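Hi everyone, thanks for coming.

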Amino acid sequence: MKAVSNYLWLIGTDTFEVWQTSATSGGVMYSPIRRVMGSAGGVGTASGRSVATISNRIYFVGGGPTGHGRIYEGEGTRLHYISTDAMEQEFRKYNMENSFGFCYSDDGRAYYCVTFIDDDVTWVYCHDSKSWHKRSSRTATNDLKRWCVGHTTYNFGMVIAGSLSSSRLYRMASDIYTEDGATILRKRVSPHIVTGPNFTRHASFTLDIETGTALEYGQGSEPQVMLQA
């Protein structure tokens with residue numbers, strides 16, 4: 001059960017309903033809240049811990065006969081799925097029930113982060129760009145695992161993140177280039193482009209990148225870009 005703006009979302013394992021403060025009739029309120037007509041549906045959540053809200057939106061990992069294997073966004077009284085076909089194909093291998101999610105805002109952008117614990121992977125959705133990416137953390141052996149952040153809060157004018165594996169707190173911001181001292185690796189993989197059974201040739205490649213933003217000293221002072229075919 002989550003309050004989103006002036007609505008109350010009730011999400012079960014197989015269905016959901018949206019309730020709202022009811023109107024009065026002749027100065028008498030017959031019920032404090034009542035279900036919004038047409039707002040119920042046959043989509044539930046596979047994990048109650050995946051339900052998270054930000055602003056007037058709600059997010060959760062889908063469940064039930066029609067919602068399993070997808071990730072949903074609700075706004076107002078409307079619900080729609082935001083996961084892609086490629087993601088849902090990968091979700092077939094996941095344990096969707098053992099997942100948790102949270103939201104945060106940074107630089108004016110809203111993010112929904114969902115971690116699938118058994119599969120050691122974290123997916124992040126940016127509402128403003130309507131795009132997904134995976135987010136990982138480096139281990140002591142330089143392996144990439146699920147993101148180490150377990151929750152966030154906004155206080156003291158900053159986004160504060162709590163670690164999954166310790167009692168440490170971190171400040172999150174776009175001008176921080178390390179994660180607890182470890183280098184942050186960002187990888188961009190282009191979509192697979194095909195023209196039927198024929199070879200596709202590219203005569204040139206252009207990388208659009210913002211330069212001149214590196215630090216003068218320390219970590220991030222010598223950024224490098226590598227291209228692999």
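This is a predicted model: local features need pLDDT of at least 70, side-chain atom pairs count only at pLDDT 80 or more; totals for chains, interfaces and linings use all residues.

**A walk through the strands**

Residues are numbered from 1 along each chain as its sequence is written, and side-chain values use heavy atoms, with hydrogens and water left out.

That pair sits where strand β3, residues 16–21, meets β4, and the two are joined antiparallel by three bridges. A word on terms: strands (E, at least two residues) and helices (H or I, at least four residues) are DSSP runs numbered from the N terminus, and two strands pair if DSSP finds at least two bridges between them. β3 and β4 belong to an open, antiparallel sheet of four strands, in the order β1-β2-β3-β4. Its edges are β1 (2–4) and β4 (33–35), each pairing on one side only. From one strand to the next, the twist averages 30 degrees; here axes are lines fitted to C-alpha atoms, for helices over the stretch in contact, and angles run from 0 to 180 degrees between N-to-C directions.

Stepping back, the protein has two helices and 20 strands. Its C-alpha trace spans about 70 × 55 × 30 Å along the principal axes. Of its 229 residues, 33% are buried, where buried means under 20% relative accessible area, exposed over 50%, and partly exposed in between, using a 1.4 Å probe and protein chains only.

Now for a second open sheet. This one runs β10-β11-β12-β13, again four strands with antiparallel pairing. β10 (99–106) and β13 (131–134) are the edge strands, each pairing on one side only. The twist here averages 20 degrees from one strand to the next.

Is T115 buried or exposed? T115 is buried, because its relative accessible area is 2%. The T115 side chain makes a polar contact of 2.8 Å with the side chain of T122. By polar contact I mean a pair of N or O atoms within 3.5 Å; within protein, one must be able to donate a hydrogen and the other to accept it, and residues adjacent in sequence count only if both atoms are side-chain atoms. Leaving out residues up to four places away in sequence, T115 touches N98, S99, F100, V121, T122 and R146, with contact meaning heavy atoms within 4.5 Å.

For contrast, look at A140, in the loop between β14 and β15. A140 is exposed, because its relative accessible area is 84%. Its C-alpha atom is separated by 41 Å from that of W9, 131 residues apart along the chain.

β16 (residues 149–155) and β17 (residues 158–163) pair in the antiparallel sense over six bridges. Which residue in β17 is the bridge partner of N155? That is M158. Two residues lie between the strands of this hairpin, and F156 takes a positive phi near 55 degrees.
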